[in-house]
Amino acid sequence: MKLPELTITEAHRLLAAKEISAVELTRAVLERIDALDDRIGAYILAAGEDALAQAANADAMIAAEGCRPLTGIPLGIKDLICTRGLVTSCGSRILKNFVPPYDATVIGRLKQAGAVICGKTNMDEFAMGSSTENSGFQLTRNPWDTDCIPGGSSGGSAAAVAADLCLGALGSDTGGSIRQPASHCSVVGLKPTYGRVSRYGLVAFASSLDQIGPLGKSVSDCALMLQAIAGHDAADSTSVPVEVPDYAAVLGRELKGLRVGIPGEYAGTEGLNAEVLSSVNAAVKVLIDLGAETVDISLPHTRYAVAVYYVIAPSEASSNLARYDGVKYGLRRDEGDGLIPMYRRTRSAGFGPEVQRRIIIGTYCLSAGYYDAYYGKASQVRTLIVEDFKKAFEACDVIACPVAPTPAFRIGEKVDDPLTMYLSDIFTLSANLAGIPGISVPCGFSSAGLPIGLQLLGNHFDEAGLLRVAHQFEQATDHHKKRPPL
Amino acid sequence: MKITRADVTYVAQLARIDLSDEAIEMFAGQIGDILDYVDLLKQVPTEGVAPTSHAISLTNAFREDVVSGPSDPDTSLANAPEREAGYFIVPKVIG
């Protein structure tokens, strides 16, 4: 077995038994990145020597105090998360040379756990996109079909995990950006409840929607990563002081009596690919075989979710991205003709078209005369979406649905039509609006060999429940054992 | 919602972004389509519905007012596009 193909759980066993060293494992992963990443483009920055130094520290940690679940494990980090001393570009030319002077809280926690940061992964610029085509630097290709997108915005992280270019990764999810690329790349991706994981050091896109979460080769690997990063953080006033349970402990509990909600509105979604629907239906049957029962539920405001999201997210983004002005960090384009021209020139040169488009939409929606009609109205409909889920969870424990209407589309297929791209987020963005957790777990492949994911949504702070259902499903199927043809 | 070139130019001015003529043209069309789509929200009755700006309601998330973290100028100025001694150099703002 090639070392990079190990899961976190398997690698941990070998490290703890001293059958392999952390340095060996990291070196093997770095060599694989050297050999394959030209074809995939998952990494903006591979950490090289720095990663080997971290691995040596991990070996010392293992010798001194024993091996904890993530000690010595090479992880990829979405380039939206601040890593001290390592360039953090957010996929944008405006931050091309930005070196954070601090670690994000999640990075601090991973380092304390002895994990090895093996590189920063590619993404849609400032997390705005569903295909990673909006990166200011490079394309990332889907390891299952390199003519296809890996999904986005955490496409680099998903592709890296799928191609065994790391053993696990962190991504971020504002409208589906962990779950959708996980689905397109046949890996597991979890968006925690809003406030479950600290956003300190996560470069903000939409502050009321953003969450950091794990992508991994198995559900139990994701449980281990979530365990390390979850929990209240005094540095993030939106992080919630709710106790973190032992996620691994309940994975094995059987599903007898589990009520799985099936939203009536989803099956008829325009553009829902027939193979996606049948894969998800087959997955639900597996859950039934495992002892669950299905319950028909209604999420009546589903048809408004995309509209609500594409007012709120750009509005919040327009505010969050105002800080990129060339003054204290990042790109500056100054031609000596004053401050405002410097701002304008810097931002036009530094931001790509999707980012500019969203800033303009957001600025418009928040401007005097339009605020109530757009942002105010969308915020009210958001309340109705929150209430839809509250009501649904009175009748069920988890909700099952597709992740994306189609499998991964071809590179370049949707770049010219932003609205079509936005509509493909229909199944994922409600969870961000309501703050509830969601997980994508592999449930099949299209006839063209492209991955399809099953999405499970849970009530606030029920990551343990989601992980348990996803784990039981995974263990009853073999989709997670397949590898891309590389 | 028809978005004119003047609308885009005005909003770009607010957002401090320079746009080329082609960009203005393209954005006017695309953003017009998106705002047309968003008009769907007008159909939803929201009389008396409170807006949600934060999905998990927390109140008074305070911490003690205690200084922590690095505060040396070299750290803060490390990414400065232009610096001199302990200062960020910026374009002239006054006068």
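Two strands pair if DSSP finds at least two bridges between them. Strands here are DSSP runs of E with at least two residues, helices are runs of H or I with at least four, and both are numbered from the N terminus. In this predicted model, local features need pLDDT of at least 70 and side-chain atom pairs count only at pLDDT 80 or more, while totals for chains, interfaces and linings use all residues. Residues are numbered from 1 along each chain as its sequence is written, and chains are lettered from A and ligands numbered from 1 in the order in which they are written.

Strand 2 of chain A (residues 74-78) pairs with strand 3 of chain A (residues 116-121). The sense is parallel, over 5 bridges. Ile77(A) stands opposite Lys120(A) of strand 3. Strand 2 of chain A also runs parallel to strand 4 of chain A (residues 168-173), joined by 3 bridges. There, Gly76(A) stands opposite Ala169(A). With helix 4 (residues 105-112) and strand 3 of chain A, strand 2 makes a right-handed β-α-β unit. Right-handed means that, with the strands pointing away from the viewer, the path from the first strand over the helix to the second runs clockwise.

## Burial of strand 2

A residue is buried if 20 or more other C-beta atoms lie within 10 Å of its own, exposed if 12 or fewer, and partly exposed in between, with C-beta atoms placed from the backbone. By that count, 5 of the 5 residues of strand 2 of chain A are buried. Both faces are covered. Pro74(A), Gly76(A) and Lys78(A) lie on one side, Leu75(A) and Ile77(A) on the other.

## Chain A overall

Chain A has 15 helices and 11 strands. The C-alpha trace of chain A spans about 65 × 55 × 45 Å along its principal axes. Of the 486 residues in chain A, 63% are buried.

## The nonpolar core

A nonpolar core is a set of buried Ala, Val, Leu, Ile, Met, Phe, Trp, Tyr and Cys residues joined through C-beta atoms within 7 Å. The largest has 170 residues. Leu75(A) and Val308(A) have the most contacts inside this core. Helix 9 of chain A gives the largest share, 10 residues.

## Where chain A touches chain B

Two residues are in contact if their C-beta atoms, placed from the backbone, lie within 7 Å. On that basis, 55 residues of chain A are in contact with 41 residues of chain B. Helix 12 of chain A gives the most to its side, with 10 residues.

Leaving aside neighbours within four places in sequence, Val308(A) has contacts that include Ile385(A), Leu433(A) and Leu41(B). With the same exclusion, Val38(B) is in contact with Ala307(A), Tyr310(A) and Val311(A). Val38(B) lies in helix 2 (residues 21-38) of chain B. This valine, Val38(B), counts as buried because it has 23 C-beta neighbours inside 10 Å.

## Chain B overall

Chain B follows the pattern α-α-α-β-β along its sequence. Its radius of gyration is 23 Å, well over the 12 Å of the globule rule for 95 residues, so chain B is more spread out than a compact globule. Of those 95 residues, 18% count as buried.

Conventions
Rg over C-alpha atoms; globule rule 2.2 N^0.38 Å.
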